[in-house]
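Please look through the sequence and the model shown here before reading on.

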Amino acid sequence: MESGRRAVLPLVEVMVLAKALRVSPISLIYPVGYITEVRELPYREPQPTWDALQWFNGLSPAEDATDYMLDHFLAHDLELRSAMAAVESENYERWKMKTAANRVQREAAERALDRYADQAARAKFELLKHREAIRERGGTPPHLPSPLADVDPLDTDTTEENDL
């Protein structure tokens with residue numbers, strides 16, 4: 001490639017090269033921070049590298065895009081992270097309640113626990129909606145980490161190895 005004998009680098013070779021260099025493949029295609037502009041596609045005007053990367057990853061809305069499944073997976077990921085954070089915060093507040101040195105600390109932990117429980121319930125509800133939308137479009141939603149196993153009764157393969 002560098003010597004000019006090859007004009008094309010197959011995607012699989014980009015992936016292998018990225019693994020060897022311990023970077024993500026997208027960093028080789030759109031080197032954010034190293035090059036200010038790239039061509040999103042051949043024969044197009046150069047664009048800011050960050051914008052091209054966002055397009056490639058499906059993270060910037062395209063006017064004519066129909067990536068509904070990707071949209072649901074991205075929303076699923078957002079709700080999954082939100083639900084996990086709320087569940088972890090719930091657990092921490094439960095621990096604070098058990099170990100509170102006095103009534104004031106225990107009551108503060110109870111109030112915080114209620115807030116996090118509400119957040120977790122809302123995030124779990126949204127997560128389930130995205131999982132159902134994925135199934136309606138013929139897809140298979142990602143597996144849930146075990147702390148969220150109660151979200152989706154149709155997900156029978158929730159495992160520890162999938163935990164965040």
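## Helix α4

Helix α4 is made of 32 residues and spans 46 Å from its first C-alpha to its last, which is close to the 46 Å expected at 1.5 Å a residue. The expected span of a helix is 1.5 Å times one less than its number of residues. Helices here are DSSP runs of H or I with at least four residues, strands are runs of E with at least two, and both are numbered from the N terminus.

This is a predicted model, in which local features need pLDDT of at least 70 and side-chain atom pairs count only at pLDDT 80 or more, while totals for chains, interfaces and linings use all residues. Residues are numbered from 1 along each chain as its sequence is written, and side-chain values use heavy atoms, with hydrogens and water left out.

## Buried residues of α4

The buried residues of α4 include Ala75, His76, Leu80, Met84, Val87, Glu90 and Glu93, and α5 is part of what covers the buried residues of this helix. A residue is called buried when its relative accessible area is under 20%, exposed when it is over 50%, and partly exposed in between, as found with a 1.4 Å probe and protein chains only.

Glu90, which has its place in helix α4 (residues 68-99), is buried because its relative accessible area is 11%. If residues up to four places away in sequence are not counted, Glu90 touches Leu113, Tyr116, Ala117 and Ala120, where a contact means heavy atoms within 4.5 Å.

## Salt bridges

How many salt bridges does the structure hold? There are nine of them, a salt bridge being a side-chain nitrogen of Lys or Arg within 4 Å of a carboxyl oxygen of Asp or Glu. One of these joins Glu93 to Lys96, with the closest N and O atoms 3.4 Å apart, and both residues lie in helix α4, three residues apart, which is about one turn of the helix. Glu93 is buried, with a relative accessible area of 6%, whereas Lys96 counts as partly exposed at 31% relative accessibility.

A salt bridge is also found between Glu126 and Lys129, whose closest N and O atoms are 3.3 Å apart. Because Glu126 and Lys129 are three residues apart in helix α5 (residues 103-136), about one helical turn separates them. Glu126 is partly exposed at 25% relative accessibility, and Lys129 is partly exposed at 38%. Elsewhere, the side chains of Arg6 and Glu13 meet in a salt bridge of 3.0 Å, N to O; Arg6 is partly exposed with a relative accessible area of 37%, and Glu13 is partly exposed at 32%. Arg131, Arg135 and Asp152 are linked in a network of salt bridges.

## Aromatic pairs

Which kind of arrangement do the rings of Tyr30 and Phe56 form? A search of the whole structure finds three aromatic pairs, and the pair of Tyr30 and Phe56 is edge-to-face, at 5.5 Å centre to centre and with 65° between the planes. This pair links distant parts of the chain, since Tyr30 is in the loop between α2 (25-29) and β1 (37-39) and Phe56 is in helix α3 (residues 49-57), 26 residues apart. The rings of Phe, Tyr and Trp (its six-membered ring) pair if their centres lie within 6.5 Å, and planes under 30 degrees apart count as stacked, over 60 as edge-to-face and the rest as tilted.

Tyr30 is buried, with a relative accessible area of 4%, whereas Phe56 counts as partly exposed at 42% relative accessibility. The rings of Trp55 and Phe56 have their centres 6.4 Å apart and their planes at 65°, so this pair is edge-to-face. Trp55 is partly exposed at 33% relative accessibility, and Tyr30, Trp55 and Phe56 form one aromatic cluster.

## A nonpolar patch on the surface

Leu9, Leu17, Leu21, Val23 and Leu28 form a nonpolar patch on the surface, with about 380 Å² of accessible area together. Patches are made of residues with over 30% relative accessible area and no salt bridge, where like charges are joined within 9 Å and nonpolar side chains (Val, Leu, Ile, Met, Phe, Trp, Tyr) within 5 Å. The accessible areas come from the Shrake-Rupley method with a 1.4 Å probe, and for residues only the protein chains shown count as cover. Val23 lies in the loop between α1 (11-21) and α2, and Val23 is partly exposed, with a relative accessible area of 39%.
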